[in-house]
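Please look over the sequence and the model below before reading on. The report starts with a question about the sheet, and then moves to the overall picture and to single residues.

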Amino acid sequence: MFQINDTVSYGTQGVCTITKIEKMNLLGKAEEYFVLEPIFQSGSKIYVPLSNPALLEKMRRVLSRQEIEELIKVMPDDETIWIKNDAERKEKFGQIISSGESKKIAQIIKTLYLEQCERQKNGKRLRQSDEALLNRAETILYNEFALVLNIKPEQVVPFLHEQIGIDTLNKK
């Protein structure tokens with residue numbers, strides 16, 4: 001179970017600190033909530049009821065440095081997961097991002113990044129929905145990387161390029 005001051009990743013909100021466990025009376029029912037504050041989004045709070053397993057499943061401990069290094073190491077060899085149908089791709093990628101599964105989110109980033117590169121060669125852009133998915137996935141994963149690796153979020157992409165090399169990523 002999580003405790004106050006734990007750092008967690010919460011669904012699509014990304015990296016948060018559990019600032020307190022608060023008892024609140026909503027709709028005539030007293031319940032305990034984790035109060036999460038996003039690390040890279042000041043001023044917001046997220047309330048997660050301790051009695052809701054579905055919402056608690058969206059919380060996970062942040063990756064360790066070793067887990068991030070392993071994830072980066074396997075990125076070049078990870079398969080892409082392109083889905084041709086736009087609606088299906090949007091739904092499936094959205095589900096993966098909401099799940100918070102780092103490895104799958106990294107696959108989405110790789111897949112959409114490579115699609116973006118291919119489209120740019122032809123003078124085109126990513127579809128707006130794909131661009132939004134890519135931005136959301138990058139924010140979630142890269143903020144976690146930044147926190148654990150003790151770098152700024154804007155330094156994550158150059159760090160990844162240095163670690164795996166863009167040419168290596170473009171092979172798949």
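## A question to start with

How many bridges join β1 to β5, and do these strands run parallel or antiparallel? In this model, which is predicted, β1 and β5 are joined by 3 bridges and run antiparallel. Within that pairing, Val-8 has Arg-61 of β5 standing opposite, and on the side of β2 the residue opposite Val-8 is Cys-16.

## The model as a whole

The protein contains 7 helices and 5 strands, and their order along the sequence is β-β-β-β-α-β-α-α-α-α-α-α. Taken along the principal axes, the box filled by the C-alpha atoms is roughly 60 × 35 × 25 Å. Of the contacts between residues at least 6 apart in sequence, 53% join residues at least 24 apart.

Of the 172 residues in the protein, 38% are buried. The protein has 25 positive and 25 negative charges, and the mean position of the positive charges lies 3 Å apart from that of the negative ones.

## The sheet and its edges

The 5 strands form an open sheet whose order is β4-β3-β2-β1-β5, with antiparallel pairing. Strands β4 (46-49) and β5 (59-61) stand at the edges, and because each has a single partner strand, one side of each is left without a neighbour in the sheet. From one strand to the next, the twist averages 50 degrees.

Helix α5 (residues 128-149) packs on this sheet, where the helix touches β1, β2 and β5, and the direction of α5 makes about 100 degrees with that of β2. As a general point for reading the strands, side chains in a regular strand alternate between the two faces of the sheet.

## Two hairpins

Strand β1 (residues 7-10) pairs with strand β2 (residues 14-26) in the antiparallel sense, over 4 bridges. The hairpin of β1 and β2 has 3 residues between the strands, and Gly-11 in this hairpin takes a positive phi near 45 degrees.

Strand β2 is also joined to strand β3 (residues 29-38), with 10 bridges between these antiparallel strands, and here Met-24 stands opposite Glu-31 in β3. The hairpin that β2 and β3 form has 2 residues between the strands, and Leu-27 in its turn has a positive phi of about 55 degrees.

## Two buried residues in helices

Is Ala-106 buried or exposed? Ala-106, which lies in helix α4 (residues 102-121), has a relative accessibility of 3%, and because buried means under 20%, Ala-106 counts as buried. Not counting residues up to four places away in sequence, Ala-106 touches Leu-71, Met-75 and Leu-141. The C-alpha atoms of Ala-106 and Asp-78 are separated by 8.9 Å, while the two residues are 28 residues apart along the chain.

When residues up to four places away in sequence are not counted, Asp-130 touches Trp-82, Arg-89 and Leu-112.

Asn-5 has a positive phi near 80 degrees, and its place is in the segment before β1. With a relative accessible area of 61%, Asn-5 is exposed.

Where is the place of Asn-150? Asn-150 is in the loop between α5 and α6 (156-164), and its phi, near 60 degrees, is likewise a positive value in a residue other than glycine. The relative accessible area of Asn-150 is 70%, and because exposed means over 50%, Asn-150 counts as exposed.

How values were computed: Residues are numbered from 1 along each chain as its sequence is written. Side-chain values use heavy atoms; hydrogens and water are left out. Buried means under 20% relative accessible area, exposed over 50%, partly exposed in between (1.4 Å probe, protein chains only). Contact means heavy atoms within 4.5 Å. Lys and Arg count as positive and Asp and Glu as negative; His and the chain ends are not counted. The place of a charge is taken as NZ of Lys, CZ of Arg, CG of Asp or CD of Glu. Two strands pair if DSSP finds at least two bridges between them. Axes are lines fitted to C-alpha atoms, for helices over the stretch in contact, and angles run from 0 to 180 degrees between N-to-C directions.
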